[in-house]
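Colleague: I would like to learn how to read the packing in a model like this one. Please take me through it feature by feature.

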Amino acid sequence: MSAQDRILMRGIPLNWGDCWRIAKMVEVAARLGAPEVSLEVWPYGVDITANNNTARFKSEFRWRRMHTQSHRALIAPPAELRDALNNTGGDCTRVVFRKDRVLFLDPKNAVEVHGRTLDLKGKNPMDIIKLDKFVALFDVDVASLTTIMGAAGARGVLEVRLVRDEDSHGIYVSNEAGDSVPIQDGVLLEPEQDYIYRYNGTALNAALSIEPMRDYITLALMGSLEAPVLYTSWSSHSLVRPTDVTLQLAPIA
């Protein structure tokens, strides 16, 4: 048995398309400008987690049943991980964790990514910061949100307004040109005045590139009325690889 055959047998198995899915997630982390990304492989799925100064991103796809006994993570620059996955053509069949690198393998090729590796066996999946105090919670139509963010351009800004008048209060989501997204359903802690918050539309556009997604995306303003974090999340309908995406954006000053 060759050394390549032994590596193939030891590695964590990936199904067709898994490398492509991971590459899409890592591409978002790279576009966010995150200095590092965590690739976490655990018994029920794969997580990608990244942070920069204004955004926290996490995406996960799940296997339909336990796929491996391993629970390992690689911490590496997202661009290096993205380039390695692209070099496999999105068709690698296994991933092998070593002390300071991982190898993505297909039957004819092996691509290395250097970084820090962690053995997380017996631990819970890694996570981003959780927020538990909400100011507003609402659903928006994905197609409408994608349209207005595309119209805003690469440097677009997403605006969220909380408006109070004498008889009612409301939530409005728009780009800087004033194009608005219909709110499908919403809950708002009644403000005493109007508030306008601005968020990084480039980061949101990057996250929206992960498909498939459901018809509606849930948005929440978390934290304080003065400077809430915009928490965005959705789950796909895919039966092959159900995917969860979470993006937290700090307000633009």
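Colleague: Which residues does Ile 217 touch, leaving out residues up to four places away in sequence?

Modeller: This is a predicted model, and in it Ile 217 contacts Phe 138, Asp 139, Val 140, Val 142, Leu 145, Leu 208, Thr 232, Ser 233 and Trp 234.

Colleague: How many residues of strand β16 (residues 216–222) are buried?

Modeller: Six of the seven, so the strand is mostly covered by the cut-off of under 20% relative accessible area.

Colleague: Which strands pair with β16, and in what sense?

Modeller: In a regular strand the side chains alternate between the two faces of the sheet. As for neighbours, strand β10 (residues 134–141) pairs with β16 in the antiparallel sense over seven bridges. Strand β17 (residues 229–235) also runs antiparallel to β16, joined by five bridges. Ala 220 shows both pairings: it is the bridge partner of Leu 137 and stands opposite Tyr 231 in β17.

Colleague: What lies between β16 and β17?

Modeller: Six residues separate the strands of this hairpin, and Gly 223 takes a positive phi near 110° there.

Colleague: How do I read aromatic pairs?

Modeller: A pair of aromatic rings is described by the distance of the centres and the angle of the planes. A search of the whole structure gives three such pairs. One of them is Trp 42 with Tyr 44, at 6.2 Å centre to centre and 65° between the planes, which is edge-to-face. Trp 42 is buried at 14% relative accessible area, whereas Tyr 44 is partly exposed at 41%. In another pair, Phe 61 and Trp 63, the centres are 6.5 Å apart and the planes stand at 80°, so this pair is edge-to-face. Phe 61 has a relative accessible area of 0% and is buried; Trp 63, at 5%, is buried too.

Colleague: Where is confidence lowest, and where highest?

Modeller: Helix α1 (residues 3–10) has the lowest, with a mean pLDDT of 52, and strand β5 (residues 72–76) the highest, at 94. The protein's mean pLDDT is 83, with 87% of residues reaching 70 or more.

Terms used: Residues numbered from 1 in each chain as written. Heavy atoms only, no water. Phe/Tyr/Trp six-rings, centres within 6.5 Å; stacked < 30°, edge-to-face > 60°. Buried < 20%, exposed > 50% of the residue type's maximum accessible area, 1.4 Å probe, protein only. pLDDT = per-residue confidence, 0-100. Helix = DSSP H or I, 4+ residues; strand = E, 2+ residues; numbered from the N terminus. Pairing = 2+ DSSP bridges. Contact = heavy atoms within 4.5 Å.
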